[in-house]
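Please take a moment to turn the model around before reading on. We will then walk through it together, one part at a time.

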Amino acid sequence: MQMTRQKDKNMAEQQQKFRPVDELNYEQARDELVEIVKILELGQMSLDESLNYWERGEELAAYCEKYLDGASSRIEKALERREGQNEG
């Protein structure tokens with residue numbers, strides 16, 4: 001039981017090291033994701049640490065994808081407006 005508590009405490013401490021995703025801009029999130037991939041590829045940490053980094057990577061990837069989807073939508077709307085102006 002004590003060992004489980006220590007693992008939970010260690011994971012909580014590791015998670016606290018990460019800056020909240022909503023405080024990051026796209027470039028910061030992307031750069032952190034690249035670093036996490038490099039860290040995971042080294043494979044020199046415990047399973048718990050690896051899982052923690054993998055979860056963070058998933059969170060960052062989802063954030064970046066959402067950001068890019070929003071940017072794509074903005075571009076499409078701008079192009080539609082431009083086409084509408086050219087027709088009128």
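What follows is a tour from the overall fold to the core, the aromatic rings, the salt bridges and the surface.

First, a word on where the values come from. This is a predicted model, in which local features need pLDDT of at least 70 and side-chain atom pairs count only at pLDDT 80 or more, while totals for chains, interfaces and linings use all residues. Residues are numbered from 1 along each chain as its sequence is written, and side-chain values use heavy atoms, with hydrogens and water left out.

Let us begin with the fold. The protein has three helices and zero strands, giving the pattern α-α-α along the sequence. Helices here are DSSP runs (H or I, at least four residues), as strands are (E, at least two), and they are numbered from the N terminus. Among contacts between residues at least 6 apart in sequence, 73% join residues at least 24 apart; a contact means heavy atoms within 4.5 Å. Of the 88 residues, 16% are buried. Buried stands for under 20% relative accessible area, exposed for over 50%, and partly exposed for what lies in between (1.4 Å probe, protein chains only).

Now look inside. Which residues make up the largest nonpolar core? Nine residues do: Phe18, Val21, Leu24, Tyr26, Ala29, Ile36, Tyr53, Leu60 and Cys64. Both α2 (26-42) and α3 (47-87) supply at least two residues each to this core. The term nonpolar core covers buried Ala, Val, Leu, Ile, Met, Phe, Trp, Tyr and Cys residues joined through side-chain atoms within 4.5 Å.

The aromatic rings come next. A pair of aromatic rings is described by the distance of the centres and the angle of the planes. Rings of Phe, Tyr and Trp (its six-membered ring) pair if their centres lie within 6.5 Å; planes under 30 degrees apart count as stacked, over 60 as edge-to-face and the rest as tilted. The count by this rule is three aromatic pairs. Phe18 and Tyr53 form an edge-to-face pair, because their ring centres are 5.5 Å apart and their planes stand at 85 degrees. Phe18 sits in the loop between α1 (2-17) and α2, and Tyr53 in helix α3, so this pair ties together parts that are 35 residues apart in sequence. Phe18 is buried at a relative accessible area of 16%, and Tyr53 is buried at 18%.

Tyr26 and Tyr67 make a stacked pair, with 5.3 Å from centre to centre and 20 degrees between the planes. Tyr26 belongs to helix α2 and Tyr67 to helix α3, so the pair ties together parts that are 41 residues apart in sequence. Tyr26 is buried, with a relative accessible area of 15%, whereas Tyr67 is partly exposed at 43%. Ring pairs link Tyr26, Tyr63 and Tyr67 into a cluster. Not counting residues up to four places away in sequence, Tyr26 touches Tyr63, Cys64, Tyr67 and Leu68.

What about charges? There are five salt bridges, a salt bridge being a side-chain nitrogen of Lys or Arg within 4 Å of a carboxyl oxygen of Asp or Glu. Leaving out residues up to four places away in sequence, Arg56 touches Phe18, Arg19, Val21, Leu24, Glu32 and Ile36.

Glu32 and Arg56 form a salt bridge whose closest N and O atoms are 2.7 Å apart. Glu32 lies in helix α2 and Arg56 in helix α3, so this bridge ties together parts that are 24 residues apart in sequence. Glu32 is buried, as is Arg56. Arg56 also meets Glu59 in a salt bridge (3.3 Å, N to O). These two are separated by about one helical turn, because they are three residues apart in helix α3. Glu59 is partly exposed at 40% relative accessibility.

Finally, step back to the surface. The accessible surface of the protein comes to about 7200 Å², of which 51% belongs to carbon and sulfur atoms; accessible areas come from the Shrake-Rupley method with a 1.4 Å probe, and for residues only the protein chains shown count as cover. Leu47, Leu51 and Trp54 form a nonpolar surface patch with about 340 Å² of accessible area together. Patches consist of residues with over 30% relative accessible area and no salt bridge, where like charges are joined within 9 Å and nonpolar side chains (Val, Leu, Ile, Met, Phe, Trp, Tyr) within 5 Å. Trp54 lies in helix α3 and is partly exposed, at 48% relative accessible area.
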